[in-house]
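Let's walk through this one together, question by question. Have a look at the fold before we start.

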Amino acid sequence: MDVAEAGLGLLRDRVASTDAREAVENTVHDRLLPLTARVTGRAGVGKSAVLAVLESVPLDADGLDVRWRESRTDNSKGEVLVHVIAGAVSPVDIALLSSRPRGVLDGTVVVLTKADTLDDPAADAVAASQQLGRTVLPVMGATAAGMRGVGRAGAPLDMADVRAVAAADLRPTDLMTVDRFRAVDIEVSTRRREALIECIELRGLALLVDVLRQRPAVSDGDAVRMLADATGADALIAAVSTAVSAAAAARDAELHRSMQQISAGHRRVRAAVESYLASDEAVAAEMRCAALRLGVPIETGSEQVASEQAVLWKRRAAAAVDPDVRRAALALCRGHVRMLRR
Ligand SMILES: Nc1nc2c(ncn2[C@@H]2O[C@H](COP(=O)(O)OP(=O)(O)OP(=O)(O)O)[C@@H](O)[C@H]2O)c(=O)[nH]1
Ligand SMILES: [Mg+2]
């Protein structure tokens, strides 16, 4: 149980004998449900490979479980949505994404996968971004999954075999198609060559072979790191982490809204709800929501940092025109003041 749940537990106890008990129980129950996250896209587009990558990393959902589901293009529901395309944007993609909200906290990530099959994935991603009005991240989904040992090969990459391929007498064209690569006469058996392609795709192998040939002294770790960078998996994981944190923060915002409503309707629980909303964990949760909403990090450090931040956010709140920005700035001010008092 994390800190927030401890505070909620206390609130539950305090309202247990009142007529607001059920309303509070339901609200707390909803706050603690696993986050629903969905990977969508047309048939065969590469969803499962992307999903395997995402399931292989721990995502910070503020203590909540993240429940991933894969579905095609019939359903865009989910607190987090990772929509996958491969190649051109289709009307189905546009229709699905248009039903999602837009904004910094929209919980939506769009991926252009199978980047290994494209000549200029970065340019294609920019074109797709313009078409959709959302950032599209180019990713080599299958290669990223294979490198994490969660791809279709089901086995980790064998760097000894990659080095053997790099050392073999290959022409550049031998790594251009799977058939040519299968047909060349080298020491590495056909079965082992197929395993390499199953793991990181032909393009992934060609990239690694290039690295090893240009820098024969490079370590396995560094070579693998270079390929990992080329897969775009880090940017994907970062975007999904932000979406997951935002979804968790949205849960807190929803919880606090419901609590305020309950307290407005049930006088006997007002004190309990107010003391919960004034607790360190509720103030910290509001601060996290606000920072995500404004797209700023929470600056932590010395007392001086906290007091400077409190002043800064107070000033920004006063200058804000948009009421949402003003509310978020006040939440940050309040959070920093609370840090000072601790
Ligand atoms: N070259 C390449 N092939 C890929 C990549 N990702 C997936 N594939 C291949 O594309 C096919 C479909 O991949 P999946 O990940 O199963 O696609 P999916 O969208 O989950 O498919 P469905 O669940 O049937 O709709 C498989 O043959 C994969 O090996 C990729 O990044 N590069
Ligand atoms: Mg699938």
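Q: Since we're both looking at it, which residues does Val82 touch, leaving out those up to four places away in sequence?
A: Keep in mind that this is a predicted model. Val82 belongs to the largest nonpolar core, a set of 81 residues, and is listed there among those with the most contacts. Setting aside residues up to four places away, the ones it touches are Val39, Val50, Leu54, Val109, Val111 and Val240.

Q: Which helix gives the largest share of that core?
A: The core has 81 residues, with Val50, Val82, Val111, Leu112 and Val139 having the most contacts inside it. The largest share is 12 residues, and it comes from helix H11 (residues 233-265).

Q: And H3, is it mostly covered or mostly open?
A: The buried residues of H3 are Lys47, Ala49, Val50, Leu51, Ala52, Val53 and Leu54. That is 7 of its 9 residues, and H3 is mostly covered.

Q: How many residues of E4 are buried?
A: Thr108, Val110 and Leu112 point one way from E4, while Val109 and Val111 point the other way. Both groups are buried. E4 is largely enclosed by the rest of the structure, because the buried count is 5 of the 5 residues.

Q: In which sense do E3 and E4 pair, parallel or antiparallel?
A: One place to look is Ile85, which stands opposite Leu112 in E4. The pairing of E3 and E4 runs over 5 bridges, and its sense is parallel.

Q: Now the ligand: which element gives the most residues to the shell around ligand 1?
A: There are 18 residues around ligand 1, and Gly46, Lys47, Ser48, Gly141 and Ala142 come nearest. Two elements give two or more residues to this shell, namely H3 and helix H6 (141-147). With 3 residues, the one that gives the most is H3.

Q: How many residues of that shell are charged?
A: Start from the 18 residues around ligand 1. They divide into 5 nonpolar and 7 polar, which leaves the charged class, and that one has 6.

Q: How far apart are the C-alpha centres of domain 1 and domain 2?
A: The protein is divided into domain 1 (1-110 + 118-139 + 232-294), domain 2 (145-230) and domain 3 (296-342). For domain 1 and domain 2, the distance between C-alpha centres is 37 Å.

Q: Which helix gives the largest share of the side of domain 1 that touches domain 2?
A: The contact takes 5 residues from domain 1 and 5 residues from domain 2. By class, the domain 1 side has 4 nonpolar, 1 polar and no charged residues. The largest share of that side is 3 residues, from helix H3 (residues 47-55).

Q: Ile262 next: is it buried or exposed?
A: Ile262 is found in helix H11. Leaving aside neighbours within four places, Ile262 is in contact with Ala20, Ala23, Val24, Thr27, Val269 and Val273. Because it has 21 C-beta neighbours inside 10 Å, where 20 or more is the cut-off, Ile262 counts as buried.

Q: How far apart in space are Ile262 and Met226?
A: In sequence, Ile262 and Met226 are 36 residues apart. In space, going C-alpha to C-alpha, the distance is 54 Å.

Q: Onto the backbone: what is the phi of Asp62?
A: Most residues other than glycine have a negative phi. Asp62, in the loop between H3 and E2, counts as partly exposed because it has 16 C-beta neighbours inside 10 Å. Asp62 is not a glycine, yet its phi is positive, at about 55°.

Q: Is Glu201 buried or exposed?
A: Glu201 is found in helix H9 (residues 190-214), and it too has a positive phi, of about 65°, without being a glycine. Because 26 C-beta neighbours lie inside 10 Å, Glu201 counts as buried.

Conventions:
Residues numbered from 1 in each chain as written. Chains lettered and ligands numbered in written order. Predicted model: local features only at pLDDT ≥ 70, side-chain atom pairs only at ≥ 80, totals over all residues. Domains from an automatic or database assignment. Contact = placed C-beta atoms within 7 Å. Helix = DSSP H or I, 4+ residues; strand = E, 2+ residues; numbered from the N terminus. Nonpolar A, V, L, I, M, F, W, Y, C, P; charged D, E, K, R; others polar. Near = placed C-beta within 6 Å. Core = buried A, V, L, I, M, F, W, Y, C linked by C-beta atoms within 7 Å. Buried ≥ 20, exposed ≤ 12 C-beta atoms within 10 Å, placed from the backbone. Pairing = 2+ DSSP bridges.
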